[in-house]
Amino acid sequence: MEHIYHAAVVGGGIAGYSAALSLKSLNIDCLWLGESLFGDKVTKSEYVRNYPAFLGNGVEFFEALQRQKEAEGVKFTKGRVNGIYRLGDRFDLMTDKETYSAFAVILCTGVDLKGTLGGEREWTGKGVSYCAVCDGAIYRGKRIAAVAASPAFAEEIEFLAGFAEKVYAFCPSVTAFEHKNIELCCDQPRSIEGNSHVSRLVCDEKTYDVDGVFLLRNAVPPDVLVGGAKTDGAHILVGRDLSTNIGGLFAAGDVTGLPYQYAKAAGEGLVAAHSAKKYLKEIAKI
Ligand SMILES: Cc1cc2nc3c(=O)[nH]c(=O)nc-3n(C[C@H](O)[C@H](O)[C@H](O)COP(=O)(O)OP(=O)(O)OC[C@H]3O[C@@H](n4cnc5c(N)ncnc54)[C@H](O)[C@@H]3O)c2cc1C
């Protein structure tokens, strides 16, 4: 029989870690899923001086977190969640490889500091996709653009090239691709345009005629990840208990809004964990 976790935490940053740590101490059966352990921002901090009881650089902060994680026995599962779907009293979380189920979900997915492309929200689902594995096959024989946030997405661009006739790839620090139908572009994408469906990616130097645009990033807008979630721009709307408009869905950290700070993210992770426990009691799952 499939295992249904009491709670799933999505996002490997500080908010996610704090939520997973708190759920563990609350004795809640929890799955902590994320792209990378402690997130990709932690080691980039030059000096962390505003987190209680810590002074040091980002690498030292990472090491301190790692020591605590090991000592407390908090488990981390690597994986990117491509979609979260409500099915009766549970949520299904789809990753590239597996589908997991949980009765409550805490979204700790951070924000993409580079912001959104013009037209991105308007064309989501009408030619704008955030998931190569989910939507790549739709573009068999078509022309697409892949705008990646980092070289880590090069593999997904190669994957897309297995379907598409042509891929215009915007991928920092990558100098070559294996598939011959990938054209490496150094232009700066600015906006996505179309009529009833995406038809153009407008960049600084030129405009590319495309049938679809893949935005390959670590942080997907929360309402794209969970259909029906109420947002304000890049942020998901939450109450003081960090509940969202969807029963059983909570959020914590940068994804809920400013200030973007570790201490706020950690505090919210803890509050969201307690709120998730309260919810699980109310629906009689614990
Ligand atoms: C260079 C730099 C220096 C900073 N220095 C400081 C500082 O000194 N002090 C301070 O207080 N703050 C600092 N910050 C801000 C701090 O990094 C953020 O406030 C904090 O990381 C927020 O934590 P979070 O868990 O909400 O989000 P993040 O740290 O962004 O973590 C979110 C994680 O979720 C993952 N994710 C997103 N979507 C999915 C998905 N669908 N499936 C799986 N995983 C997903 C992302 O890959 C990411 O790893 C700094 C930020 C930067 C960029």
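Which residues have the most contacts inside the largest nonpolar core?

## The model

This is a predicted model, in which local features need pLDDT of at least 70, side-chain atom pairs count only at pLDDT 80 or more, and totals for chains, interfaces and linings use all residues. Residues are numbered from 1 along each chain as its sequence is written.

## The nonpolar core

Ala7, Ile106 and Ala146 have the most contacts inside the largest nonpolar core, which has 88 residues. Such a core is a set of buried Ala, Val, Leu, Ile, Met, Phe, Trp, Tyr and Cys residues joined through C-beta atoms within 7 Å; a residue is buried if 20 or more other C-beta atoms, placed from the backbone, lie within 10 Å of its own. Helix α6 (residues 262-282) gives the most to this core, with 8 residues. Helices are DSSP runs of H or I with at least four residues, numbered from the N terminus.

Leaving aside neighbours within four places in sequence, Ala146 is in contact with Ile157, Leu160, Val167, Ala169, Phe170, Phe214 and Leu216. Contact requires C-beta atoms, placed from the backbone, within 7 Å.

## The two domains

The protein chain is divided into domain 1 (4-112 + 219-282) and domain 2 (128-216), with bounds from an automatic or database domain assignment. Their C-alpha centres lie 29 Å apart, and 5 residues of domain 1 are in contact with 5 residues of domain 2.

Note on methods. Buried ≥ 20, exposed ≤ 12 C-beta atoms within 10 Å, placed from the backbone. Helix = DSSP H or I, 4+ residues; strand = E, 2+ residues; numbered from the N terminus. Contact = placed C-beta atoms within 7 Å.
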